[in-house]
Amino acid sequence: MQHTHTVNAANRLDRLPISRFHRTTLLAVAFAYFFEFADINTFAITAPVIREQWGSDVNHIAYVTSLSFVGMFLGAVVAGGLADRLGRKRTLTMTTLWFTVWSFACVFAWDIWSLGLFRVLTSAGLSAMTVVAVVYISELFPAARRGKYQAYAIVIGICGTPATNLIASFVVPMSDWSWRLVYLWGSLGFLFLLFVRKIEESPRWLESRGHHDEAEAVLSRMEAAAEAEHGTLPEPAEPTPRGPVINAGLSMLKDKKFLYPTILLSVLWVTQTIGFFGYSSWAPTLLASEGVSVEDSIFYVALTTVGAPLGSFLAAMVTDRFERKWCLVVFGLVIAASGLLYGLTFTPVLVVVFGFLVNLFERGYTALAYAYAPELYDTNGRSLGTSIAYGLGRLSNAAGPLIIAGIYNGIGYQAVFMFIAGTWAVGAIVLALFGPATRRRRLAALAREKELSPSTTAP
């Protein structure tokens, strides 16, 4: 099992049944996701009342939203480098604390510009935490099941969105200052510290950095815990010979095996970001601008986000069963159609129904993408590649709100939703034509596991 230059982390992890340490890791990441999703739309929710109190117009909201996405880009790229240098667990902790501290600062904002600055810093942490969490789950869970558990983390985490929207629908109308409580709620993610001592560093990362003794210690603890829970473990597959290793860093962009998935995933995240945030960030403000009361617009959007956890659960059901690439294509096209229909009606029931479908399939799409993206890289380039593509997606939306404000002011409400539907359609088409399939690799991992241990099954 031991080799001179390897601890065989990937194969040793892939043959482990789902055990208590997996569930603890899942719960920790889901907790961080919960407050990331709770926090990500707080500005969109409070924007209508802030416009009234501070005399801000749609363009002010657009500037703050745009700059927040610049923050997301910087946060994602910096976190990708930090996760490669400092480790997945440490960076996950640092980035979670970063976004909760700046969300707390938003409670004390005194004008649109101070709030905007705090939101940029919060957004950097939100994006940073996400890319590290995606890579962390991808590296700790068995290849044949990581998609399902990536989605399960989001099923729990995404509940932060409707929870925040429902809380906001009650607290925002209470008084002139009560909108600030929405940001206080978003800052509770600092309680992630309670999980830190219970989760492990990624053995794949430790091995890739040459920390073989530490990787061996972590793997031994995991294996001992799994044996105590499930009995004797099968022997892991022998490590496959690796090609020349390229040092992690921007020089990897010269490598076609790294560059191709990075370009493809950048298209995926650009269209997802503009499509989703174009919808979620603007729905309350645009409904209010079209004559729907602030209270009703917040309440309608809160009802539609109930679909979000169900979408992640739907993704968990299909992600390891079918080819992820084609699941993403189908989900993207359904979102395009639902988003377009949302923009063509003002009937409250239909607004809620189509908004529900957008949230349902979009959160499913995101869960699928979180599982799909890291699979296109090896350990050495996984954090950087995932962070660059995800970061470029977020950066693209620095222009997205300005484009949407221009479309709304120049053409009208319905044109905004035609534009959003178009971005989803483009992403689906590009993925259908150029996206690599990954299911064969997962099936091979599962077949190898069954071959090694026909009597051992994981839940």
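**A walk through a helical model**

E362 has a relative accessible area of 0%, so E362 is buried (buried means under 20% relative accessible area, exposed over 50%, and partly exposed in between, with a 1.4 Å probe and protein chains only). R363 is buried too, at 5%. These two residues form a salt bridge, with their closest N and O atoms 2.5 Å apart (that is, a side-chain nitrogen of Lys or Arg within 4 Å of a carboxyl oxygen of Asp or Glu). Side chains of opposite charge can pair when their charged atoms come close.

Before we go on, a word on what you're looking at. This is a predicted model, where local features need pLDDT of at least 70 and side-chain atom pairs count only at pLDDT 80 or more, while totals for chains, interfaces and linings use all residues. Residues are numbered from 1 along each chain as its sequence is written, and side-chain values use heavy atoms, leaving out hydrogens and water.

Now zoom out. The protein has 21 helices and 0 strands (both are DSSP runs numbered from the N terminus: helices are H or I with at least four residues, strands are E with at least two). Of its 459 residues, 60% count as buried.

Back to the charges: the structure holds 14 salt bridges. In one of them, the side chains of E223 and R12 meet at 2.8 Å, N to O. E223 sits in helix 11 (residues 212-230) and R12 in helix 1 (residues 9-14), so this pair ties together parts that are 211 residues apart in sequence. Both E223 and R12 are buried. Another salt bridge pairs E375 with R146, and here the closest N and O atoms are 4.0 Å apart. This pair also links distant parts of the chain, with E375 in helix 17 (residues 348-375) and R146 in helix 7 (residues 146-157), 229 residues apart. E375 counts as buried because its relative accessibility is 7%, and R146 counts as buried at 10%.

F104, F108, M174, W177, L181 and L184 make a nonpolar patch of about 610 Å². Patch members have over 30% relative accessible area and no salt bridge; like charges are joined within 9 Å, and nonpolar side chains (Val, Leu, Ile, Met, Phe, Trp, Tyr) within 5 Å. The areas come from the Shrake-Rupley method with a 1.4 Å probe, and for residues only the protein chains shown count as cover.
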